[in-house]
Amino acid sequence: MATELLTHAKTGVIQMGWPKLYEAVAFKGNKDDDKSAKKDDKKKNESTPAYGFPVLLDKDDPDHMRTVRILQKLSKNAEANAIALKKWGKKDRIVSNDGLKDADEDEILDGDKTVLMTDKYPNRANHFYVNFSRSSKAGRPGIRYIDDEGILRELPEPILGTKEDIQAAQANLNDARAAYATADEDAREEAKTLVLEATRNLEEAQERDAKAKEVKVLWDKLVYPGQNVQASVTARAWKTQTGSGVSYRLDNLTIVGGGVRDGSFEYDEDFTDEDIEALIAWRDKHVNAKPSKADDEAALLADTDFDEADSDDEVALLADTDFDEADSDDEVDEDTGEIAVKPRRKAAVSRHRPKPVEVEDDDVDEDEDEEEAPRHRPKKTSSRGRRKPAPVEVEDDDVDDEDYPDMF
């Protein structure tokens, strides 16, 4: 019997694509087909949840091409082993589907037609594409990371389902409290014990949820598309009724660190020293500039508490008062203290508003200033009449997972 060829090896340092490592993900078939499919067919149409991530390997990067050659060697060994073990015929090798794709030459399905991979995914041009995956039945791959001090540490296992645990514990506590409220004297002590137990269960669920959030923060910090990693993989030959091929199982993963998140930009790339100097100059001119005497006078006029509306308020206040000059003519009996009210005519209230104060030509017309081009000189103005800035609409740059199943 021939010796089995090596199918397991480590890659070079590569950049991880959109990862499915925190929780296994299952890919489902077409929704329209799923509606009309029978119950047994639906199970076949749904894949087993899996962990993994895709990788793009640049043809111009020597380190990436070293990984390409490693994968190609593993693939050939896996095919040879399959033929030696009679799992494949020689014809299977000819029509086999390799998991390592040359994006510039290999074709993929796009709906009901076959196209070059670069036609569907232009960003994969001049790259090899491969997907490392591992069935959830085999368990999550071993994942460790190198911390800032150069120490290799194991990434803690995610804690899942905490939200559902809290909801269930809260529901049990509510039921226990309701039972305690309606319990008679004989059952009251037992009901009280159930309330205390349900309370402890809820506290434990909340503590577990807090721990899960800490773990998730660490995962989000280390596991992201664009992170530098080294993976160990195993090439596996497979055969079904529809064809044969080679896939790459993800065995273990070391997070090297220092990667740049996919789609993000470093701060120094966006803001240079010249940009910062220009921003400081703008702040000194627009924010920290001392206002002129004319600005102070304009702010004083804008902040005054008297205006035309205030004069109307004063007229209304005087019209509603219980005291007027006619009250001084009323006589008071010194013996009895009674007030003898003299008949008087009702004071007529003017229907005319007081005339507004006419502003001389030298004064500032605020309405005219609004029509002019905006000035950059800061003005001190009161909060009265100030308009809120219109909200800025931000375009949504989020990636649609359904449009890009491989997240590249």
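**Close-up 1. Salt bridge between Asp 165 and Arg 208 in the predicted model.** The closest N and O atoms of Asp 165 and Arg 208 are 2.7 Å apart; a salt bridge is defined as a side-chain nitrogen of Lys or Arg within 4 Å of a carboxyl oxygen of Asp or Glu. Because Asp 165 belongs to helix H6 (residues 162-182) and Arg 208 to helix H7 (residues 188-222), the pair ties together parts that are 43 residues apart in sequence. Helices (H or I, at least four residues) and strands (E, at least two) are DSSP runs, numbered from the N terminus. Asp 165 is partly exposed at 36% relative accessible area, and Arg 208 is partly exposed at 37%; buried means under 20%, exposed over 50%, and partly exposed in between (1.4 Å probe, protein chains only).

Residues are numbered from 1 along each chain as its sequence is written. In this predicted model, local features need pLDDT of at least 70 and side-chain atom pairs count only at pLDDT 80 or more, while totals for chains, interfaces and linings use all residues; side-chain values use heavy atoms, with hydrogens and water left out.

**Close-up 2. Salt bridge between Lys 239 and Asp 92.** Here the closest N and O atoms are 3.1 Å apart. Lys 239 is part of strand S12 (residues 228-240) and Asp 92 of helix H4, so this contact ties together parts that are 147 residues apart in sequence. Lys 239 is partly exposed, at 48% relative accessible area, whereas Asp 92 is buried, at 12%.

**Close-up 3. Salt bridge between Asp 251 and Arg 249.** The N to O distance for these side chains is 2.7 Å. Asp 251 is buried, with 8% relative accessible area, and Arg 249 is partly exposed, with 27%.

**Close-up 4. Nonpolar surface patch with residues of helix H9.** Patch residues have over 30% relative accessible area and no salt bridge; like charges are joined within 9 Å and nonpolar side chains (Val, Leu, Ile, Met, Phe, Trp, Tyr) within 5 Å. Helix H9 (residues 273-286) gives the most to this patch, with three residues.

**Close-up 5. Positive phi at Lys 86 and Asn 126.** Most residues other than glycine have a negative phi. Phi of Lys 86 is near 60 degrees, and that of Asn 126 is near 65 degrees. Lys 86 occupies the loop between helix H3 (62-84) and helix H4 (90-95) and is exposed, at 74% relative accessibility.

Terms used
Accessible areas come from the Shrake-Rupley method with a 1.4 Å probe; for residues, only the protein chains shown count as cover.
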